[in-house]
Amino acid sequence: MSELIKHECGFAFIRLLKPLEYFQSKYGNWMYGINRMYLMMEKQRNRGQDGAGMASVKLDTLPGTRYIDRTRSNSSHPIVDVFDEVRKPINAVRHENPELLKDAQWAKSNMPFAGEIYLGHLRYGTFGKNDIDNVHPVMRENNWKSKNLAVAGNFNLTNVGEMFQSLVDLGQHPKGYSDTVTILEQIGHQLDEENQLLFDTLKKQGLTHKEISAAIARDLDLKKILANASAEWDGGYVISGIIGHGDAFIMRDINGIRPAWYYADDEIVVGASERAVIQTVMKLPEEKIKPVKPGHAVIVKKNGTWSEEMIKEPGAVLSCSFERIYFSRGSDREIYNERKKLGELIVPQIIDAVNGELDHSVFSFIPNTSETAFYGMMKGIETHMLQQKMDELGNEDANHTKAELHKIINARPRVEKIAIKDVKLRTFITGDESRDDLVEHVYDITYGTVEANKDNLVVIDDSIVRGTTLRRSILRILDRLNPKRIVVVSSSPQIRYPDCYGIDMAKLSDFIAFNAAIGLLKDRGQYFIINEVYKKCKEQEHLPKEQVKNHVKEIYAPFKAQEISDKIAELMHGGINAEVKVVYQSIENLHKAIPNDKGDWYFTGNYPTPGGNKVVNQSFINFIEGKNERAY
């Protein structure tokens, strides 16, 4: 509860299809593209706070002039830093000669980032150090425009080792071991190959080198390049890139694991990780914004024509449901309604947890991201109480007094703002082991909201992953109100399995649900199951990923979901006076609330790619062998 889960990054893409003079004339500012990029990155800041970057390409520049610009930051305010860098030379000219800034052609020739193509990125580091080299866009530079490549994305590959070795086998010496470097170099290698093929063909036709450069820019087969580069990728990804001469793309994995949306008209092509961002920034109805199809790429050629091309045969659509539950901004209509539905559908379990004592239950939420699910929960509670009123008032045998009627009619859920987060205090607390005393004060508690020793206190969150913050601070804080019972509600199901497609949940030992299952096996004398699973995982350790099965499912198989929830409550309870109950969403209700995004591998262990099974087994091996490291 209230745990920071680092997760998918965010990208933003803009391709202006008209000259800068057009935007100066129509919108009064040639910086139309820069300003839209700033807005799209700010409105996706929830997707990454470890770093930000932006690259820009100018079309048809003269030799000897700069046509690619890039700036990146890994400071505590990376978006501000990036756009301060972009605006610094603009502000200098505005101070000295503001009239020049009304000349779009002059700006393109003299101002950095005065281009037609923009690629922005927000980084949440799930792997590797948070140094500037890991901040996107990453670049591969060359004196040939058509061999320059800038890439940014939201991705994790489960088979980086295989892909890295394929580069080594080509004779390359990659400068780093990560999926970012691997993806950049594999696309870059195929870009080099395509350039060479076209060069050889055109050379035989008698074209000069200058003519060849122009022809390559015209004829470069970006669909082929992307298909060859991604042929063996296993993972979830959205990758956007720009080729130096002006071609650009947005590519999505075959299962649509990671989100990508786009909009195009005769002025502009826009792409982003979230639909609501494009909708807000471009002031569009949602039906105008399309998802990039799984296994496809939106390709924009230098001449401004664009198309959506199939790069790899799409598989089953298994878009990330956690994206809908927690990560994306809730201003998207569908996501907002889905989160409300998650809260509403869990109400029967909540009523059971408080033994039907709704008149002695106080409802709240922690943290603010769970507010939408809270609204849904309260809708469900109100519907239940309304039915109770109708049943009581419709009972012909009852002879209610005026006081009883008044009590029935006025019964309503008790809603309170229980905890208020002290943001400034949070920024002071560091990650050392002695911080528990400070963490207890991150939330201010609202005294007088709960009747001591009589009321149930029900608080809802989006998810309970590790349970660390809940156990160490929040339950202790809530217990100060002296409720009879604390019911902790998760609008998502139990997170049982590691993610390997973009979310920072890579170690089984981090999951409170996994620790609860291990605890139950030990309690019931079934330790042999742990040993058997370890043996099976070790037997598959060196098999190709396509032959590996997820044996970690066997750890959970002996237990019902409620048994694991009860064990989680037991693990949480240390030092708490109130009774503690934990309620999780069911898998069935998850899919009722979110019917179109069926990726649920962190809950069910049903991974969308073969690499997922290999990762979860390796994670279990690491747990047994005491290795505190990632499984991929």
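1. Start with Ser319, which sits in the loop between strand S13 (306–310) and helix H10 (321–327). This is a predicted model, so take what follows as a reading of a prediction. Ser319 has 7% relative accessibility, and since anything under 20% is called buried, Ser319 counts as buried. The side chain of Ser319 reaches the backbone oxygen of Gly256 at 3.0 Å. Leaving out neighbours within four places in sequence, Ser319 also touches Arg252, Asn255 and Ile257, as well as Asp597, Lys598 and Gly599.

2. Next, Gly236, found in strand S7 (residues 235–243). Its relative accessibility is 0%, so Gly236 is buried too. What does Gly236 contact, once neighbours within four places in sequence are set aside? The partners are Asn154, Phe155, Asn156, Asp253, Ile257, Arg258 and Tyr501. Ile257 turns up here and in the contact list of Ser319 as well.

3. Strand S12 (residues 296–300) is worth a look. Five of its five residues are buried, so S12 is largely enclosed by the rest of the structure. Both faces are covered: His296, Val298 and Val300 lie on one side, Ala297 and Ile299 on the other.

4. Who are the partners of S12? Strand S8 (residues 248–252) pairs with S12 in the antiparallel sense over four bridges, and Ala248 has Val300 as its bridge partner. S13 also runs antiparallel to S12, joined to it by five bridges. On that side, Val300 stands opposite Trp306. The hairpin of S12 and S13 has five residues between the strands, and within that hairpin Gly304 takes a positive phi near 95°.

5. S9 (residues 261–264) and S10 (residues 268–272) run antiparallel, with four bridges between them. S9 is also joined to strand S11 (residues 290–291), again antiparallel, by two bridges. Which residues stand opposite Trp261? Ala272 does in S10, and Pro291 does in S11.

6. Now the open sheet. Five strands pair in parallel, in the order S15-S14-S18-S19-S20. Strand S15 (414–415) and strand S20 (579–584) are at the edges with a single partner strand each, so one side of each has no neighbour in the sheet. Further in, strand S18 (residues 456–461) and strand S19 (residues 485–490) run parallel and are joined by six bridges. Val459 stands opposite Val488 in that pair. Helix H13 packs on this sheet, where it touches strand S14 (361–365), S15 and S18, and its direction makes about 155° with that of S14.

7. Helix H13 has a helix partner as well. H13 (residues 371–393) packs with helix H14 (residues 402–410) at an angle of about 155°, their axes being 9 Å apart. Angles over 145 degrees count as roughly antiparallel, so that is how H13 and H14 are classed. The residues that meet are Lys389, Glu392 and Leu393 from H13, and Leu405, Ile408 and Ile409 from H14. By class, this contact has four nonpolar and two charged residues, and no polar ones.

8. Finally, some backbone geometry to look at by eye. Most residues other than glycine have a negative phi, and most peptide bonds are trans. Against that background, the peptide bond from His136 to Pro137 is cis, with omega near -5°. Pro137 is in the loop between strand S4 (117–123) and strand S5 (138–140).

9. Asn355 is not a glycine, yet has a positive phi of about 55°. Asn355 lies in the loop between helix H12 (347–353) and S14, and its relative accessible area of 47% makes it partly exposed. Asn453 has a positive phi as well, near 65°. Its place is the loop between strand S17 (443–445) and S18. Is Asn453 buried or exposed? Asn453 is exposed, at 59% relative accessible area.

Key
Residues are numbered from 1 along each chain as its sequence is written. This is a predicted model: local features need pLDDT of at least 70, side-chain atom pairs count only at pLDDT 80 or more; totals for chains, interfaces and linings use all residues. Side-chain values use heavy atoms; hydrogens and water are left out. Two strands pair if DSSP finds at least two bridges between them. Axes are lines fitted to C-alpha atoms, for helices over the stretch in contact, and angles run from 0 to 180 degrees between N-to-C directions. Angles under 35 degrees count as roughly parallel, over 145 as roughly antiparallel, 65 to 115 as roughly perpendicular and the rest as oblique. Contact means heavy atoms within 4.5 Å. Ala, Val, Leu, Ile, Met, Phe, Trp, Tyr, Cys and Pro count as nonpolar, Asp, Glu, Lys and Arg as charged, and the others, Gly among them, as polar. Buried means under 20% relative accessible area, exposed over 50%, partly exposed in between (1.4 Å probe, protein chains only). A polar contact is a pair of N or O atoms within 3.5 Å; within protein, one must be able to donate a hydrogen and the other to accept it, and residues adjacent in sequence count only if both atoms are side-chain atoms.
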